[in-house]
Amino acid sequence: MNASRAALAALVLAATAAPAAAEDGAAGDPHRWALWTSCTVVFALLTAFLVWTHRRTQADVRRLESAEERLSRLEKK
Amino acid sequence: MNAPADISHPAGMPPPAGMPPDDPDAGDRGGAYPFASAIPFAAHAAVAFAGVGWLDHLIASLAPQAVKQIGTSYLIQYYHVPAAISMYLFFLLCAVAGIVVLATGSPVWDRRAHALGLTALLLNAIVLGTGMVWGKTAWGVWWDWADPRLLTSAVAFLMYLGYSMLQDALRDDPRRAKFAAIYGIVALLNLPLVHYAIKWFGTASHPADVKMKTPEISMTLSVAMSVFPVFWLLVYRWVHDRLALAARAETVMARLRRLEEDVR
C-alpha cells in the first residue's frame with residue numbers, strides 16, 4: 001500500500017462514518033454520534049494529510065523527470 | 001503515489017549518464033530513490049494493520065460490557081489516548097533528531113526530524129479533533145479555554161505548525177536545518193506542560209487520568225498504545241520518503257543548473 005491508496009482508503013472510511021454520525025445525531029444518541037463523528041474526523045485528517053503528501057511527491061517526480069529530460073538534451077549537445 | 005521507477009536506478013549500480021552519483025544521504029535504505037525497498041515497506045504495513053486488526057478483535061470482545069458502564073463514546077479513548085502517546089513520542093524523536101542534526105549536520109537526520117515533526121503535527125490535530133468531539137459529549141462543550149490540558153495541546157499544535165512553516169519558508173536557506181533543529185528542541189519544552197498540565201495547574205474539564213474500569217479495558221488500551229505508534233511510523237515513512245525524493249530533485253536540479261552554465 002502506498003500513500004495515495006491509503007488516502008483513498010481513509011477517504012472511503014471517512015465517507016462511511018459521516019452518514020452514521022449524522023444518523024445517530026438525528027436519533028439523539030450522543031454517545032454513538034461522538035464515536036462516529038470522531039472516526040470521521042480522524043479519517044478526514046488522515047486523508048487530507050496523505051493527499052497533501054501525495055500531491056507534493058508527484059510534483060517532485062515531475063521536477064525530476066523534467067530535469068532528466070533537460071540533462072539528456074544537454075548531453076546531445 | 002507510484003514509485004518513480006522510470007527515473008530510478010538500482011541501488012549500488014552506477015547512475016545513468018548525466019545523473020549525479022548516488023548520495024548516501026539521499027535515502028535511508030540504501031537506494032538512490034525512495035520506495036526502493038518494497039519488501040520491508042510491505043512488512044511494516046502488514047505489522048501495523050495486523051496490530052490494528054487484533055485491537056479491533058479485543059475491542060469487539062469487551063465492548064458490550066464497557067458500553068453498559070460508560071457508553072459507546074468510551075471507544076474514542078482507544079484512538080484518542082494512543083494518538084496522544086504517539087504524539088509525545090514523535091515530539092520527542094523530532095527533538096532527538098534535531099540534536100543529532102546540530103551535532104553532526106547530517107541531512108538524513110534533518111529529513112527525519114522534518115518528517116517526525118510533520119507526523120507529530122497530524123497526530124496533534126487528531127488528538128485535538130477527537131478530544132473536542134469527546135468533550136462535546138462528556139462536558140457539553142466543544143472547547144474550554146480555562147482547561148490547561150486543552151490550552152497546552154493547542155499551543156503545541158501552533159508550535160509545530162510554526163515548525164512546518166519554518167521548514168518551508170527557509171527551504172533555500174543553508175541555515176534551515178540548524179534553525180529547524182533548534183526550533184524542534186525548544187518546542188519539546190511544551191511537552192511536559194501538556195502532560196503535567198492537570199497535575200500542575202488543575203483541570204476545568206479534562207479528567208486527570210482515565211481510570212480503567214476493568215482489566216480487559218486496561219489491556220486493550222495497552223495494546224492500542226503499542227499498535228498505534230507502529231501505524232504512525234508507517235505514515236512517518238511516507239512523509240520521509242517524500243522529503244528524500246524532494247532532496248533528490250534538488251540535487252539533480254542543482255547539477256543541471258551547473259551543467260547549463262558550463263554549456264553557456
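Predicted model: local features only at pLDDT ≥ 70, side-chain atom pairs only at ≥ 80, totals over all residues.
Colleague: What makes E260(B) and R70(A) a pair that joins two chains?

Modeller: E260(B) sits in helix α8 of chain B and R70(A) in helix α2 of chain A, so the pair joins two chains.

Colleague: And why is E260(B) called buried?

Modeller: Its relative accessible area is 18%, and buried means under 20%, so E260(B) is buried.

Colleague: Is R70(A) buried, partly exposed or exposed?

Modeller: R70(A) has a relative accessible area of 24%.

Colleague: Let's turn to D168(B) and R56(A). Why is this pair called a salt bridge?

Modeller: The closest N and O atoms are 3.6 Å apart. The rule asks for a side-chain nitrogen of Lys or Arg within 4 Å of a carboxyl oxygen of Asp or Glu, so D168(B) and R56(A) form a salt bridge. This pair also crosses between chains, from helix α4 (residues 148-169) of chain B to helix α2 of chain A.

Colleague: What class does D168(B) fall into by accessibility?

Modeller: D168(B) has 38% relative accessibility; that value falls between 20% and 50%, so D168(B) counts as partly exposed.

Colleague: Which residue does D60(A) meet in a salt bridge?

Modeller: D60(A) pairs with R242(B), at 3.3 Å from N to O. D60(A) lies in helix α2 of chain A and R242(B) in helix α8 (residues 215-263) of chain B, so this pair joins two chains.

Colleague: How do you know whether D60(A) is buried or exposed?

Modeller: The relative accessible area of D60(A) is 3%, under the 20% limit, so D60(A) is buried. R242(B), at 4% relative accessibility, counts as buried too.

Colleague: Which residues are linked in a network of salt bridges?

Modeller: D60(A), R63(A), R242(B) and E250(B) are. Within that group, E250(B) and R63(A) meet in a salt bridge at 2.4 Å, N to O.

Technical notes: Residues numbered from 1 in each chain as written. Chains lettered and ligands numbered in written order. Heavy atoms only, no water. Helix = DSSP H or I, 4+ residues; strand = E, 2+ residues; numbered from the N terminus. Buried < 20%, exposed > 50% of the residue type's maximum accessible area, 1.4 Å probe, protein only.
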